[in-house]
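Here are a few exercises to work through with the model open on your screen. Have a go at each task before you read the solution.

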Amino acid sequence: MRILMFTRYGRLGASSRMRSYQYLPWLATAGIDVTVSPFFSDAYVAGLQRGEKTLREVTQSFPQRIKVLLYARRFDLVWIEKESLPWLPAWLELALLPSGTPFVLDYDDAVFHSYDQHHHPWVRRLLAGKHPRLIRRAALVVAGNAYLASFAEAASARQVAVVPTVVDLARYPAPGARHADQNDIPTIGWIGQRATASFLKPLAPVFQNLAAEARAQFTAVGIDAAALGLPMMSVPWTEDTEVASISRFDVGIMPLVDEPFERGKCGYKLIQYMACGLPVVASPVGVNCQIVEHGVNGFLAETPAQWQQALETLLADAGLRQRMGRAGRQKVEQHYSLQVTGPRLAALLKAASAPEPT
């Protein structure tokens, strides 16, 4: 079986790396040969992380993608991350996709809200119906959470499967017991990109209060925290070092705002923290409420006062951090690991490529 995989980014893009690239060895084992064609290059992603957007990179991406679309009929299945031609109408995308080749859509965030809730009326008028139209024509929609699955079902998808964003346990070995010195100051950490760093800003006073009392120190992996006005130490991100960086935390955090786009997020940060045996604190938004079992593997906190209380509770009790960390790791092993979802996704893709009964 041969699949053409249209990713949004190269490996540097977290969504493409976790939703697509990390599955390649599993798919190969299942007898599936995958050709990968990213829309944006790693250079473009690196620019985004620095707060830069390169128009030239964007304009080059469209003709390159269209060129690849023209020979998609050579494959048994086309696997598309979100959409094959961003910001272009569904009729053009469907016209370029080969009529005899089934395609799968994969969603790990609510990208459709970039159109149907856009502030410009003409964008809503032209593109609000794009994703529902694509969904109706897809052989399968793979959704990262229930919010995304509900959107696909409301759009009359033929088949919807929820496959969460997961980690590879081979990269996240079971953590050993933490034996922090009594005089060590616990580290509260966050990992992410510049685009989501804004969610940390409302908590800056909480961070400052705890740091001023020498009760905690704060680390951000993947951003220049000082440049963004955040009272956190910055650690560079690389794929090879991210697990080691997270493992130095004592608590992992994931603040969000309760807005439609954020409800579609897949909680990947939380899964990374929990895979490293950390307790977590997160906003009660979307899938966070499923991943975090309040009082078991972490806490859900909405207001700054609730965030401060949750963090203070964890900072004051190393034993509680250990227990919650173990519970989180167990949940990842059972529900949020590549070892669980890899065989299932391979089976879904094979079934989607099968000819429809006549």
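**Exercise 1. Charges.** How many positive and negative side chains does the protein have, and how far apart do the centres of the two sets lie?

*Solution.* First, a word on what you're looking at: this is a predicted model, where local features need pLDDT of at least 70, side-chain atom pairs count only at pLDDT 80 or more, and totals for chains, interfaces and linings use all residues. Residues are numbered from 1 along each chain as its sequence is written, and side-chain values use heavy atoms, with hydrogens and water left out.

Next, sort the side chains: Lys and Arg count as positive, Asp and Glu as negative, while His and the chain ends are not counted. Then place each charge at NZ of Lys, CZ of Arg, CG of Asp or CD of Glu. You end up with 36 positive and 31 negative side chains, and the two centres lie 7 Å apart.

**Exercise 2. Overall build.** Compare the radius of gyration of the protein with that of a compact globule.

*Solution.* Start with the rule: 2.2 Å times the number of residues to the power 0.38, with the radius taken over C-alpha atoms. For 358 residues that gives a value near 21 Å, and the protein has 21 Å, so the two agree. The C-alpha atoms fill a box of roughly 65 × 45 × 35 Å along the principal axes. Finally, 53% of the residues are buried (under 20% relative accessible area with a 1.4 Å probe, protein chains only; exposed is over 50%, partly exposed in between).

**Exercise 3. Two residues.** Decide for Asp250 and for Ala154: buried or exposed?

*Solution.* Take Asp250 first, in the loop between helix H11 (242-247) and strand E10 (251-254). Its relative accessible area is 14%, so Asp250 is buried. Beyond its sequence neighbours within four places, Asp250 contacts Pro186, Thr187, Leu278, Pro279 and Arg321.

Ala154 sits in helix H9 (residues 146-154). At 67% relative accessibility, Ala154 is therefore exposed. Helices (H or I, at least four residues) and strands (E, at least two) are DSSP runs, numbered from the N terminus.

Key: Contact means heavy atoms within 4.5 Å.
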